[in-house]
Amino acid sequence: MSRNQNRVNISQVPAQQSSIYTPPTTHVVLPSKGRFYPEGHPLHNCESIEIKEMTTKEEEILMNESLLQQGLVVDRLIESVIINNNVSADTLLVGDKNAIIIAMRTEGYGKEYEISVPCPACGHLNEKEVDLSLLKPAEEATDLEMTPNGTFMVTLPKTKVVVELKLLTGEDEKIILETNEKTKKYGLERPIATQYSRMIVSVNGNTDSSEISALVSNLPIRDSRVIRKTYKKANPDMDMSFHFQCDKCNHERGMEVPITANFFWTD
């Protein structure tokens, strides 16, 4: 028998199927549609992001005491399920993070989310079930003056100053929170000014931080309200509203779905 006859034709050997479970993936529609991410960001002009279903790996993240104490659980969860390793949770817009969180919860535990809601009329504590699959991105504003960098321009009515605003990311929110915590110890907390200092990119085209700080410190209330209203209008997010009706007094109103500590836990 020749050597060639002794050789095994590997292509003819039936491959054994792996018993390892491969989590399915899904594409989550981003409220921002990628419009507010600058060029070079992995999600620039991307309308959706691919994530995988949560597994025991993510369950261990949820139970990690160190991450819980540091408030890093949600960010670690998001980064664990995103397929594109170049996407950091810190650079995600807040509305896009919300969309990913809701999709993670729906895919992992189901669309039913049980919440306890006190009635604003009579105070009765209602046990309600929200269908998370019904939550969709809110309608986007179409009348904003956008820039190629994903920022938008606003002319303030009182001072006539033109400010350039950006949407806050997860990293911005962390910095705002840390700054407020530090200044609170000395009685110098300025939450509005701190937030504006992260939102405002330029003042009349000037990006100098001292120029921005000077405006923030002396901003007329009328102009401040315009900034807040414009930002809220521009901010792409999930529509978290649901119809509430009290089981006791039948009071009805629209309410926001609360994201509580047990969002990722079910019985």
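User: How much space lies in the second largest pocket?
Analyst: About 290 Å³. Keep in mind that this is a predicted model.

User: Which residues are closest to its centre?
Analyst: Val-28, Ala-99, Ile-102, Ala-103 and Leu-135 are the closest to the centre of the second largest pocket, out of 15 lining residues.

User: Which elements give two or more residues to that lining?
Analyst: β1 (25-29) and α5 do. The largest share comes from α5, with five residues.

User: And by class, what is in the lining of the second largest pocket?
Analyst: Nine nonpolar, four polar and two charged residues.

User: OK, now the largest pocket. What volume does it have?
Analyst: About 1,000 Å³. It is lined by 33 residues, and the closest to its centre are Val-74, Lys-97, Asn-98, Ile-101 and Glu-173.

User: Which elements give two or more residues there?
Analyst: α3 (65-70), α4, α5, α6 (170-184) and α9 (221-234). By class, the lining of the largest pocket has 19 nonpolar, six polar and eight charged residues.

User: Let's look at α4 and α5. At what angle do they pack?
Analyst: About 75°, with the axes 11 Å apart. Helix α4 covers residues 73-81 and helix α5 covers residues 94-109. The two are therefore roughly perpendicular to each other, since angles of 65 to 115 degrees count as such.

User: Which residues meet?
Analyst: From α4, Val-74, Asp-75, Leu-77, Ile-78 and Val-81. From α5, Lys-97, Ile-100, Ile-101 and Met-104. By class, the contact of α4 with α5 has seven nonpolar, no polar and two charged residues.

User: Switching to the sheet. What is the strand order?
Analyst: β5-β6-β7-β8, four strands in an open sheet with antiparallel pairing. The edge strands are β5 (145-146) and β8 (200-203), and each pairs on one side only.

User: How many bridges join β7 to β8?
Analyst: Three, with β7 spanning residues 162-165 and the two strands running antiparallel. Val-163 has Val-203 in β8 as its bridge partner.

User: Which helices lie across β7 and β8?
Analyst: Helix α7 (residues 191-199) lies across them, running at about 75° to β8. Helix α8 (residues 209-217) also lies across β7 and β8, at about 95° to β8.

How values were computed
Residues are numbered from 1 along each chain as its sequence is written. This is a predicted model: local features need pLDDT of at least 70, side-chain atom pairs count only at pLDDT 80 or more; totals for chains, interfaces and linings use all residues. Side-chain values use heavy atoms; hydrogens and water are left out. Axes are lines fitted to C-alpha atoms, for helices over the stretch in contact, and angles run from 0 to 180 degrees between N-to-C directions. Angles under 35 degrees count as roughly parallel, over 145 as roughly antiparallel, 65 to 115 as roughly perpendicular and the rest as oblique. Contact means heavy atoms within 4.5 Å. Ala, Val, Leu, Ile, Met, Phe, Trp, Tyr, Cys and Pro count as nonpolar, Asp, Glu, Lys and Arg as charged, and the others, Gly among them, as polar. On a 1 Å grid over the protein atoms alone, a cavity is a set of points where a 1.4 Å probe fits but cannot get out, and a pocket is an open set with protein on both sides within 12 Å along at least five of seven lines; lining residues have an atom within 4 Å of a point. Grid points are joined across faces, edges and corners, and a volume is the space filled by probe spheres set on the points. Two strands pair if DSSP finds at least two bridges between them.
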